[in-house]
Amino acid sequence: MQLDHTFTVPAAPDDAWKLFHDLGRVAPCMPGAVLDTLDGDTFTGRVKVKVGAVQMSYRGEGTVTRDEAARSMRLDLSASETRGAGTAAATVTAELVADPAGTRVRVRTDLDITGRPAQFGRGIMTEVGDRIVGQFAERLAELLSGPRAESAAPAAPAEPEAVDLGAAALPVLLKKAAVPAAAALAAVILVAVIGRRRRGSLQG
């Protein structure tokens, strides 16, 4: 599954690119994620997601490759559920380009996922991705606007706060249900009208 997103951050491309070199500062901006170890361009981490009352935790690893001239980076990620058989693998490519508002970031994700989240279709996954990337962009903008601080891998990584995919997917589920619901409503109205006509005929 391929997902495309674009967002803008209020910083010059050079400043934004420098920040994207610093995974220790960027990783905490991603909802539901915690960076456990960072060794050069190799890292490990955890992600926790929530779908309704069900929580799923993933533990995985990744590597990052950068193209300095093009201001682009590629992340190769793989993870598996800590209490389940689900897996996730993704190749994420981010490209930074100049924009009147600062820097525009184009993100393309090639995602392969198994297990419970795979039940969602492309529409729901896109909506979920939009909301998560939106939160990531907001946190990244706050980071760029704040004082510069050196990053360091935490000695005792905290437990990630679950990102609620159920809440994110709900609007799409409602949209998908809109047509069947309208059809059902039309059927109810039709039955009611026929019923009134029959009662009127009997009374006449």
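Okay, two housekeeping points. Residues are numbered from 1 along each chain as its sequence is written, and side-chain values use heavy atoms, with hydrogens and water left out. Since the model is predicted, local features need pLDDT of at least 70 and side-chain atom pairs count only at pLDDT 80 or more, while totals for chains, interfaces and linings use all residues.

So, the layout. The chain has four helices and eight strands. Going along the sequence, you read β-α-α-β-β-β-β-β-β-α-β-α. There are 204 residues, and 33% of them are buried. Buried here is under 20% relative accessible area, exposed is over 50%, and partly exposed is in between, with a 1.4 Å probe and protein chains only. As for contacts, meaning heavy atoms within 4.5 Å, take those with a separation of 6 or more: 59% come from residues 24 or more positions apart.

Now the spaces inside. I need some terms here. On a 1 Å grid over the protein atoms alone, a cavity is a set of points where a 1.4 Å probe fits but cannot get out. A pocket is an open set with protein on both sides within 12 Å along at least five of seven lines, and lining residues have an atom within 4 Å of a point. Grid points are joined across faces, edges and corners, and the volume is the space filled by probe spheres set on the points.

For the classes, Ala, Val, Leu, Ile, Met, Phe, Trp, Tyr, Cys and Pro are nonpolar, Asp, Glu, Lys and Arg are charged, and the others, Gly among them, are polar.

Strands β3 (42-51) and β4 (54-67) each supply at least two lining residues, and β4 has the largest share, with five. This lining has seven charged, four nonpolar and three polar residues.

The second largest pocket holds about 190 Å³ of space. It also has 14 lining residues, the closest to the centre being Pro-31, Gly-32, Gln-135, Arg-139 and Val-163. Here β2 (33-39), α3 (122-145) and β8 (163-164) each give at least two, and α3 gives the most, four.

One example is Thr-63, whose bridge partner in β5 is Asp-76. The two strands form a hairpin with four residues between them, and Arg-71 in the turn has a positive phi of about 50 degrees.

Next, aromatics. Rings of Phe, Tyr and Trp (its six-membered ring) pair if their centres lie within 6.5 Å; planes under 30 degrees apart are stacked, over 60 edge-to-face, and the rest tilted. The whole structure has one aromatic pair. Phe-7 and Phe-136 have ring centres 5.9 Å apart and planes at 90 degrees, so they are edge-to-face. Phe-7 sits in β1 (residues 2-9) and Phe-136 in α3, so the pair ties together parts 129 residues apart in sequence. Phe-7 is buried at 8% relative accessibility, and Phe-136 is buried at 9%.

Last stop, two single residues. Phe-20 is in helix α1 (residues 13-20) and is buried, at 7% relative accessibility. Leaving aside neighbours within four places in sequence, Phe-20 contacts Val-26, Arg-66, Met-73, Leu-96, Val-105 and Leu-140.

Key
Two strands pair if DSSP finds at least two bridges between them.
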